[in-house]
Amino acid sequence: MTKAPYNSIMKSTHTPRKRFGQNFLQDAGVIAQIANAIHPQPGEHLVEIGPGQGALTASLIRRDIRLNVVELDRDLASGLLAAFSIYPGFKLHSADALSFDFGALADDGVPLRVVGNLPYNISTPLLFRLFEFAPVVQDMHFMLQLEVVNRLAAAPGSKHWGRLGIMAQYHCEVEHLFDVPPEAFYPPPKVQSAIVRLSPHRRSPWPECDEGALRRLVQSSFAQRRKTLRNNLKGILADSDLEQLGIDPGARAETLELVDFIRLTNHLSSA
Ligand code: SAH
C-alpha cells in the first residue's frame, strides 16, 4: 500500500497527543474515498471537527465553499492557518467541539455539512451534542470506531441496538458507508474504524414527539439491558400502559423498534 506521509499537508513535526484522540489519516486512498463520499459543491457550507494536520481539510477545500474548522489543540492552529488562509471561505475556530455553537455558523441560511475524523474518546457525547443542531444540518460524515457505527446503524433486536442508535435514527437517516483499517492512521488506533453518513430528516416524521421525553424513556428502558421493560420502567409506565399499546411488559427494550419508543413517549406525554 502506498502511503502519503501523514504530515504532507502541513510539514509539521507535531507529536500526536493521545488525550486529544489524535490519529491522523495518512492513507491517500482512504482520504480520497471520504472526500468522494462528501463531494462538496459550489456554495456549500462545510464544518470540519478536528482538522488536525489538515489531511481531510486539504481534500475538501475549494475557493467556492465556506469551510469552518473547529480544533481544540492550539499547537495545530498556526499550521492550519498557514496551509488554508489563502482560501476566502476558510475560518479556524480554536475551540472545543463539545461546547461549540454550531448553530451560530448557519447565519446565512445555508445548511451545514459537518465532517470529521472524530476524536474517538469523545465521540458519543459529541454525537448527542450534534443531534441538537440537526435542524440546521444537511448531512454529517464521520470517521468513528466501527463499534460506534454499528450502534448508530443498528436494527432493533440486535445487540448493538440501544440509546445511541435510537436517538440517531430519530434525528437522521444513517448509512454505514465503508470500513477503514488501523493502518490508515498515524499512529494506528487499536480498533477498526468506519465512515458513517447521517442525514437529518428534512421534516420530522414524528413532529408530535417530545425529544427530551423520548431520550429519558429510552435511557430508563435500557438502564439494565437484561431486565424486562416492566422492571426498567417501574414507576414510569404500568403493565396496563404497555399492554394498551400492544407491548409485552415481559419483553426487553432491545426488541422494541424506534416507533414503539415514540408511541410510549407520546402515551406518557398525553397521560
Ligand atoms: N482530521 C485529522 C485529525 C483527526 S484526529 C485527520 O484525519 O488526520 C482528531 C482531531 O480532533 C485532532 O486534531 C484533535 O486535536 C481534535 N480534537 C480532539 N478533541 C477535540 C475537541 N473536543 N474539539 C475539537 N477538536 C478536537
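Asp 139 counts as buried, at 8% relative accessibility. Here buried means under 20% relative accessible area, exposed means over 50%, and partly exposed is in between, using a 1.4 Å probe and protein chains only. Asp 139 sits in strand 6, and its side chain makes a polar contact of 3.0 Å with the side chain of Arg 113. A polar contact is a pair of N or O atoms within 3.5 Å; within protein, one must be able to donate a hydrogen and the other to accept it, and residues adjacent in sequence count only if both atoms are side-chain atoms. Helices (H or I, at least four residues) and strands (E, at least two) are DSSP runs, numbered from the N terminus.

A quick word on what you're looking at: this is a predicted model, where local features need pLDDT of at least 70 and side-chain atom pairs count only at pLDDT 80 or more, while totals for chains, interfaces and linings use all residues. Residues are numbered from 1 along each chain as its sequence is written, and side-chain values use heavy atoms, with hydrogens and water left out.

**The pocket and the ligand**

Now for the open space. The largest pocket has a volume of about 400 Å³. On a 1 Å grid over the protein atoms alone, a pocket is an open set of points with protein on both sides within 12 Å along at least five of seven lines, whereas a cavity is a set where a 1.4 Å probe fits but cannot get out; lining residues have an atom within 4 Å of a point. Grid points are joined across faces, edges and corners, and a volume is the space filled by probe spheres set on the points.

The lining of the largest pocket takes in 31 residues, with Phe 20, Gly 50, Glu 71, Asn 117 and Pro 119 nearest the centre. Strand 1 (24-25), strand 2 (45-49), helix 2 (55-60) and strand 3 (66-71) each give two or more residues to that lining. By class, the pocket lining splits into 17 nonpolar, 9 polar and 5 charged residues. For this count, Ala, Val, Leu, Ile, Met, Phe, Trp, Tyr, Cys and Pro are nonpolar, Asp, Glu, Lys and Arg are charged, and the others, Gly among them, are polar.

Which residues come nearest the ligand? Of the 22 around it, they are Gln 22, Gly 50, Glu 71, Asp 96 and Asn 117. A residue counts as near when one of its heavy atoms lies within 4 Å of the molecule. Here are some distances to oxygen atoms of the ligand:

| Residue | Atom on the protein side | Distance to a ligand oxygen |
|---|---|---|
| Gly 52 | polar backbone atom | 3.3 Å |
| Glu 71 | polar side-chain atom | 2.5 Å |
| Asn 117 | N or O atom in the side chain | 2.8 Å |

About 30 Å³ of space lies in the largest cavity, and its lining is made up of Ile 34, Leu 56, Gly 116, Asn 117, His 141, Phe 142, Met 143 and Ile 195. Strand 5 (112-117) and strand 6 (137-145) are the elements that give two or more residues to the cavity lining. Strand 6 gives the most, with 3 residues. The cavity lining has 5 nonpolar, 3 polar and no charged residues.

His 141 also pairs up with Glu 48: they are 93 residues apart in sequence and 9.6 Å apart in space, C-alpha to C-alpha. Glu 48 is in strand 2 and, at 1% relative accessibility, counts as buried.

In helix 1 (residues 28-38), the buried residues are Val 30, Ile 31, Ile 34, Ala 35, Ala 37 and Ile 38. They lie on the same side of helix 1 because they cover an arc of only 160° around the axis, the arc being that of the directions from the helix axis to the C-beta atoms. At the start of helix 1, a side-chain oxygen of Asp 27 comes within 2.8 Å of the backbone nitrogen of Gly 29.

Helix 4 is mostly covered, with 7 of its 9 residues buried. Pro 125 lies in helix 4 (residues 123-131) and is partly exposed, with a relative accessible area of 45%.

Most residues other than glycine have a negative phi, and most peptide bonds are trans. His 39, in the loop between helix 1 and strand 2, has a positive phi near 50°. The peptide bond from Tyr 186 to Pro 187 is cis, with omega near -10°. Pro 187 is found in the loop between strand 8 (185-186) and strand 9 (193-200).
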